[in-house]
Amino acid sequence: MWTVGAWFVPGVNFVVPRRFVLDIGRASSLAWRENRDTALVNLWWAAWVAHALVLMLANRTDPGSMPLLVVAELLMITAAVLLVLVIERVTTLQGFALGTTVPVARLGQV
């Protein structure tokens, strides 16, 4: 079973991070905006996947090709900046959600 399942791991590694980040964003606050926030996550994910694909292409076609390596690194920097924006957005939403919590009555005071 593990032998067959291991073949799916590379494909899962391309899809699962995006799904996790979207789930975390949606769970962080009701203020999660599907259009804006999901687009930001999609941009991050696309840059990250493009970086991996360009590196794979570079390694198969012309290892050490400077133009392909520069493109790959620019994509990785773009993905890193976008991920910082995603983390900042989720953190902001969580901060607002924590600030609007309703106090719970202590045990025995009900």
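Me: What makes Asp37, Thr38, Leu40, Val41, Trp44, Ala47, Val49, His51, Val54 and Ala58 of H3 count as buried?

Reply: In this predicted model, these residues of H3 are buried. The word applies because a residue is called buried when its relative accessible area is under 20%.

Me: Which helices do the buried residues of H3 pack against?

Reply: They pack against helix H2, residues 9-28, and helix H4, residues 66-99.

Me: Why is Asn59 called exposed?

Reply: Asn59 also belongs to helix H3. Its relative accessible area is 53%, and exposed means over 50%; therefore Asn59 is exposed. The C-alpha atom of Asn59 is separated by 9.5 Å from that of Leu69, which is 10 residues away along the chain.

Me: Why is H3 described as roughly antiparallel to H4?

Reply: Two packed helices are described by the angle between their axes and the distance between the axes. For H3 and H4, the angle is about 155° and the axes are 8 Å apart. Angles over 145 degrees count as roughly antiparallel, so H3 is roughly antiparallel to H4. The residues of this contact comprise 23 nonpolar, three polar and four charged. The crossing of H3 past H4 is left-handed.

Me: How do you know that the reach of H3 is close to the expected value?

Reply: Helix H3 covers residues 34-61, which is 28 residues.

How values were computed. Residues numbered from 1 in each chain as written. Predicted model: local features only at pLDDT ≥ 70, side-chain atom pairs only at ≥ 80, totals over all residues. Heavy atoms only, no water. Helix = DSSP H or I, 4+ residues; strand = E, 2+ residues; numbered from the N terminus. Expected span 1.5 Å × (residues − 1). Buried < 20%, exposed > 50% of the residue type's maximum accessible area, 1.4 Å probe, protein only. Contact = heavy atoms within 4.5 Å. Axes fitted to C-alpha atoms, helices over the stretch in contact; angles between N-to-C directions. Parallel < 35°, antiparallel > 145°, perpendicular 65-115°, else oblique. Left-handed = near helix turned anticlockwise from the far one by under 90°. Nonpolar A, V, L, I, M, F, W, Y, C, P; charged D, E, K, R; others polar.
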